[in-house]
Amino acid sequence: MKKISAKLLSLLFVLVISLAVNSHYKTISEAKKQTLTVSFVDVGQGSATLIQYKGKNVLIDTGEESEYNKLKKFLDSKKVKSISNMIITHNDSDHMGGADLVIKDYKVKMVTRAKYQEKKKNKQITELDSAIRDNRIKTKKVKAGSKIKIASGVQMAVYSPSKKSDESNKNSIVMRLSHGGNSFLFTGDIDANIENALVEKYNLESDVLQVAHHGSGYSSAMLFLSKVSAKYSVISVGEGNPYGHPADFVVKRLGNFSDYIYRTDRNGTVTFTSDGENLDVKTDTVYNDDGNIQKNPGAVSGDNGGGKYIGNVNTKVYHGEHCGNLPIEKNRKYFNSGADAESYGYRAHSACVGR
């Protein structure tokens with residue numbers, strides 16, 4: 001009986017250890033499955049980005065007050081009730097005009113702003129200051145070198161501002177978010193001078209770049225873009241805006257450094273999902289443009305009748321069948337080889353067809 005009891009105790013001990021080990025690895029496995037979503041919200045001519053991770057909601061900018069209904073509709077669709085941190089990159093109304101309304105409609109636990117701000121105040125700034133004060137919301141001011149923690153496993157490093165400027169755009173908070181092996185760079189409305197200054201101080205390489213200043217010609221310096229080397233570039237911009245954003249030459253320049261370019265005026269809200277290793281992208285709408293202005297990852301040809309290459313009958317450019325920049329079906333012509341396409345007067349799309 002004693003021997004049997006000893007064996008039973010031994011088996012029980014092994015079982016307990018096994019359960020503990022399995023529980024430990026299950027916890028690790030579940031941690032690895034924690035997903036991060038970053039949504040560049042279509043708020044017209046402005047900027048608003050929602051970051052969601054481990055039940056936390058972080059909102060970067062709010063867009064114009066006049067477009068707040070678009071932001072609220074999106075937040076409600078994501079069942080957002082509270083915002084752990086509302087980050088205002090700078091004091092232009094197209095980035096913070098709806099901030100006081102967010103405070104009114106949602107429980108905002110903290111507001112983060114740039115340490116360096118210009119003295120000039122507008123109506124929206126006064127309204128935000130009053131909302132923060134009346135609701136006794138904790139505030140934090142950040143500068144280059146600061147950290148913004150979202151939750152365990154995800155934080156943002158602040159790269160700018162490093163000094164005060166009288167121009168609100170130059171006071172923009174620039175942040176790089178890291179989630180495992182994936183990274184996002186948020187740039188506010190900084191200009192090319194600040195972009196190039198950042199190149200000298202930081203490793204800017206990121207998977208996703210929020211293009212500075214809505215794609216204006218004052219930003220997106222070539223050196224900066226080459227150092228960021230983002231696979232995905234996102235332009236937060238309103239359709240038919242009076243500023244001409246984004247500038248055509250900026251969009252073409254982005255095409256030299258990014259595989260895929262998204263614009264909220266064409267794609268609507270753009271949402272990235274990260275598991276720490278892989279990135280998935282979803283948009284409200286798909287927009288095909290053969291001028292290297294808009295690409296769509298994962299876009300593949302339909303029934304091509306065996307053709308390996310797909311030409312655009314309007315531009316006379318041909319693509320590989322898995323290119324992300326394919327023309328719509330009615331504008332396609334299929335070829336079995338590059339030589340076949342070129343015999344018909346088509347030229348290769350350099351981004352997808354090896355030469």
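Guide: A cavity here is a set of points on a 1 Å grid, laid over the protein atoms alone, where a 1.4 Å probe fits but cannot get out. Its volume is the space filled by probe spheres set on those points, which are joined across faces, edges and corners. Rolling a probe the size of a water molecule over the atoms shows where empty space is left.

The model is predicted: local features need pLDDT of at least 70, side-chain atom pairs count only at pLDDT 80 or more, and totals for chains, interfaces and linings use all residues. Residues are numbered from 1 along each chain as its sequence is written, and side-chain values use heavy atoms, leaving out hydrogens and water.

Thirteen residues line the largest cavity, and those closest to its centre are S47, D61, H95, G188 and Q210. A lining residue has an atom within 4 Å of a cavity point. This lining comprises two nonpolar, nine polar and two charged residues. In this scheme Ala, Val, Leu, Ile, Met, Phe, Trp, Tyr, Cys and Pro are nonpolar, Asp, Glu, Lys and Arg are charged, and the others, Gly among them, are polar.

The structure holds two cavities of 30 Å³ or more. Among the residues that line it are I88, H90, R113, Y116, E118 and N171, and its lining has three nonpolar, five polar and two charged residues.

We now turn to the strands. Strand β13 covers residues 208-210 and pairs with β14 in the parallel sense over three bridges. Strands are DSSP runs of E with at least two residues, numbered from the N terminus, and two of them pair if DSSP finds at least two bridges between them. Strands of a sheet pair through backbone hydrogen bonds, either parallel or antiparallel. In this pairing, V208 stands opposite Y232 of β14.

In a regular strand the side chains alternate between the two faces of the sheet. Strand β14 is covered on both faces: Y232 and V234 on one side, and S233 and I235 on the other, are all buried. Buried means under 20% relative accessible area, exposed means over 50%, and partly exposed lies in between, with a 1.4 Å probe and protein chains only.

Rings of Phe, Tyr and Trp (its six-membered ring) pair if their centres lie within 6.5 Å; planes under 30 degrees apart are stacked, over 60 edge-to-face, and the rest tilted. The count by this rule is 11 aromatic pairs. The ring centres of Y232 and F272 are 5.3 Å apart and the planes stand at 70 degrees, so this pair is edge-to-face. The two residues are 40 residues apart, with Y232 in β14 (residues 232-235) and F272 in β16 (residues 270-274). Both Y232 and F272 are buried, and the relative accessibility of F272 is 0%.

F272 has a further partner, Y262: their ring centres are 6.3 Å apart with planes at 85 degrees, so this pair is edge-to-face as well. Y262 belongs to β15 (residues 260-263) and F272 to β16, so the contact ties together parts that are 10 residues apart in sequence. Y262 is buried, at 2% relative accessible area. Ring pairs join F40, F184, F186, Y232, Y260, Y262 and F272 into a cluster.

Key
Helix = DSSP H or I, 4+ residues; strand = E, 2+ residues; numbered from the N terminus. 1 Å grid on protein atoms, 1.4 Å probe; cavity = no way out; pocket = protein on both sides within 12 Å on 5 of 7 lines; lining within 4 Å.
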